[in-house]
Amino acid sequence: MLNGIFVFLVAGAVLFAAWQGNTHLLNEAWPESAKAAVNISIGLIGAMALWLGFMRILRDAGLMASLARALAPVMRRLFPEIPDGHPALSAMIMNITANMLGLGNAATPFGLKAMQELDRLNPIKGVSTNSMALFLAMNTSGVAVLPLGVIAIRASMESNNAGGIFFPSLLATICSTITAVLVAKMLEKRKAFAMENYANTEPEPEQEASLSDGIKGMDEAEEIASMRVPFDPIRSLVSGAIGAALLLFLARFVWNLPDLSFLDTFKTVIDAWLLPLLMASIVLLGFCKRVKVYESFIAGAREGFDIAVMIIPFLVAILVAVGLFRASGGLDTLTAWVAPMTSLIGFPAEALPMALIRPLSGSGAMGIMTETMSIHGPDSFVGFLVSVMNGSTETTFYVVALYFGSVRVRAARHTVAACLAADGVGIGAALFWSRLFF
């Protein structure tokens, strides 16, 4: 799908520029866009290394396993057809937990493992079960607690409030996840989506090998999930004292604020305290659990450096394609055409490319978000909105294709409908919460 979008943007830009007689503008646009992509990637290295370093501390402190234990009762209620103790349930819990913490390197292996185990319970091979549909709908609803990657990009672009998207993103992803669950549960009961309607008269060929064989990153993911790190009593006491002091200073900060509404006070506190308090909390948690905080941070920061360098080709491709389309006048024409429709709900037409790209490609969405912020500014409403959208939604079609393809599911039943419903609500919720918090 991204191939078609890239071809459309580049070829469409040249055609539109030729029609308008301004092809010379394209010669000015592509060098600037390519240069901007590299500059953004270089500027991102520090912020990405910083936050992935902190995420590594959380990982080594065993937070993923702790969250998984907390989620287990909820997941058992959502998936009552899965027997207690079945490996499918534990793999799904670990996948959702990894997504919540932004640990994509662990989330994908667990997701593939979960699909394999769910397929073992599947009475009609090749047809999505209710559990598969619900799991994918939840997975693609953008379950996220810490959108640190987006915060890092905003910080690298010199945003005055890089962490301001934290609560809007969290609230938007909660809305989309609830929608995913409700729609999946509602549609699975409809006769039109009954599994028997999709049954094949010819039996599916038996798979010769376990689909978990050779899943890249599975060993590392299982190692992360198995971490059980107890608290050290003395270190916990020291960290508790520091935490109490921080809360006292926070209370003093709130007390000295001018007379503001509750929402304005909340936003002021978040702007000033969220990221510093998050950094201190992560370091203190690692200290309490005897994590070698410095060494752990360095290991995570190395991953951040590698990621920042790795995304340069993706950013160059997207930013040059969009830059050409913008220089040709095609983007302005498209924006003017859809503006009357999007304005009815208060949705900026400039954010429409993000809404269209996000379900298709993570790298493409990152490029569109970055390009939008570079044009309008990270602290503009459009820049804020696309950041919240990117931090609270997921690459729906990629995830569905990857996970269903891994177990040869040919009939998705109501899965895509539930996923798209979650996407739509997620985008609408991102708009609502962005207007409230911006």
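Q: How many residues apart are aspartate 60 and arginine 56 in helix α2, about one helical turn?
A: Let's start with the helix: in this predicted model, α2 covers residues 24-60 and holds both aspartate 60 and arginine 56. The two are separated by about one helical turn because their spacing along α2 is four residues.

Q: How far apart are the closest N and O atoms of aspartate 60 and arginine 56?
A: Aspartate 60 and arginine 56 are both buried. A salt bridge needs the nitrogen and oxygen to lie within 4 Å. Aspartate 60 and arginine 56 do form one, with their closest N and O atoms at 3.4 Å.

Q: Which residue lies three residues from glutamate 117 in helix α5, about one helical turn away?
A: Helix α5 takes in residues 104-120, and glutamate 117 sits in this helix. Glutamate 117 also has a salt-bridge partner, with the closest N and O atoms 3.4 Å apart.

Q: Which residue is linked with Glu117 and Arg120 in a network of salt bridges?
A: Glutamate 117 and arginine 120 form a salt bridge with each other. Their network also takes in a lysine, Lys113.

Q: What is the relative accessible area of lysine 125?
A: Lysine 125 forms a salt bridge with aspartate 119, their closest N and O atoms being 3.9 Å apart. Aspartate 119 counts as buried, at 8% relative accessibility. Lysine 125, however, is partly exposed, and its relative accessible area is 35%.

Methods. Residues are numbered from 1 along each chain as its sequence is written. This is a predicted model: local features need pLDDT of at least 70, side-chain atom pairs count only at pLDDT 80 or more; totals for chains, interfaces and linings use all residues. Side-chain values use heavy atoms; hydrogens and water are left out. A salt bridge is a side-chain nitrogen of Lys or Arg within 4 Å of a carboxyl oxygen of Asp or Glu. Buried means under 20% relative accessible area, exposed over 50%, partly exposed in between (1.4 Å probe, protein chains only).
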